[in-house]
Amino acid sequence: MKVYNKLVRDRIPEIIKSEGRNVKIKILNDEEYRCELNKKLQEEVKEYIEDNNIEELADIVEVIYGILNSMDVSIEEFEKVRKDKAEKRGAFKEKIFLEEAE
């Protein structure tokens with residue numbers, strides 16, 4: 001049996017079983033879940049940097065949604081924080097690269 005020891009999407013065990021394979025899973029407690037979400041975020045960011053693939057960006061967003069859920073923060077609350085920050089400090093649309101400041 002191949003060992004994974006990582007957080008996976010909710011339907012992955014079901015998909016593996018449908019292929020006639022056995023799975024062993026455990027349900028994480030809240031602390032373990034947050035830790036594994038953070039690891040998963042690092043994994044997905046690394047994969048995106050290597051591939052520049054839109055599917056990897058979708059994975060990053062899904063992990064972020066999981067983190068927000070674990071913090072009891074709604075996507076709407078998160079979007080408000082994001083929009084407020086963009087309004088105050090800007091976004092990343094203008095391609096500005098700060099070389100120096102005094």
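Biologist: Hi! Let's start with Lys95: is this residue buried or exposed?
Modeller: Lys95 is exposed in this predicted model. Its relative accessible area is 76%, and anything over 50% counts as exposed.

Biologist: Where is Lys95 found?
Modeller: Lys95 sits in the segment after α4.

Biologist: And what is the phi of Lys95 near?
Modeller: Phi of Lys95 is near 60°, which is a positive value in a residue other than glycine. As background, most residues other than glycine have a negative phi.

Biologist: Nice. Which segment holds Asn5, and what is its phi near?
Modeller: Asn5 lies in the segment before α1, a helix covering 12-18. Phi of Asn5 is near 50°, again positive in a residue other than glycine. Asn5 is also exposed, with a relative accessible area of 71%.

Biologist: What about the residue that follows α4; what is its phi?
Modeller: That is Gly90, and its phi is positive, near 90°.

Biologist: Let's zoom out. How many helices and strands does the chain have?
Modeller: The chain has four helices and zero strands. Read along the sequence, the pattern is α-α-α-α.

Biologist: Why is the chain said to be more spread out than a compact globule?
Modeller: Its radius of gyration is 18 Å, while the globule rule gives 13 Å for 102 residues, so the chain is more spread out than a compact globule. Taken along the principal axes, the box filled by its C-alpha atoms is roughly 60 × 30 × 25 Å.

Biologist: What share of the residues is buried?
Modeller: Buried residues make up 14% of the 102 in the chain. The chain exposes about 9600 Å², and carbon and sulfur atoms supply 52% of that area.

Biologist: How about contacts between residues at least 6 apart in sequence: what share joins residues at least 24 apart?
Modeller: That share is 43% in this chain.

Biologist: And the charges? How many are positive and how many negative?
Modeller: There are 20 positive and 26 negative charges, and their mean positions are 3 Å apart.

Biologist: Okay, on to α3. How many residues does this helix have, and how far does it reach?
Modeller: Helix α3 has 17 residues and reaches 24 Å from its first C-alpha to its last. That is close to the 24 Å expected at 1.5 Å a residue.

Biologist: Why does Asp59 count as buried?
Modeller: Asp59 counts as buried because its relative accessible area is 18%, and the cut-off for buried is under 20%. Setting aside neighbours within four places in sequence, Asp59 is in contact with Arg9 and Glu44.

Biologist: Tell me about Glu44. Which helix is it in, and what does it contact?
Modeller: Glu44 is in α2, and it is buried, with a relative accessible area of 6%. Beyond neighbours within four places in sequence, Glu44 is in contact with Glu56, Asp59, Ile60 and Val63.

Biologist: How far apart are Tyr33 and Ser70?
Modeller: Tyr33 and Ser70 are 37 residues apart in sequence and 8.0 Å apart in space, C-alpha to C-alpha.

Biologist: Last one: what about Asn38 and Gly66, how far apart are they?
Modeller: Their C-alpha atoms are separated by 9.9 Å, and the two residues are 28 apart along the chain. Asn38 is found in α2, which covers residues 30-51. Asn38 is partly exposed, with a relative accessible area of 37%.

Notes: Residues are numbered from 1 along each chain as its sequence is written. This is a predicted model: local features need pLDDT of at least 70, side-chain atom pairs count only at pLDDT 80 or more; totals for chains, interfaces and linings use all residues. Side-chain values use heavy atoms; hydrogens and water are left out. Buried means under 20% relative accessible area, exposed over 50%, partly exposed in between (1.4 Å probe, protein chains only). Contact means heavy atoms within 4.5 Å. Helices (H or I, at least four residues) and strands (E, at least two) are DSSP runs, numbered from the N terminus. The radius of gyration is taken over C-alpha atoms; the globule rule is 2.2 Å times the number of residues to the power 0.38. Accessible areas come from the Shrake-Rupley method with a 1.4 Å probe; for residues, only the protein chains shown count as cover. Lys and Arg count as positive and Asp and Glu as negative; His and the chain ends are not counted. The place of a charge is taken as NZ of Lys, CZ of Arg, CG of Asp or CD of Glu. The expected span of a helix is 1.5 Å times one less than its number of residues.
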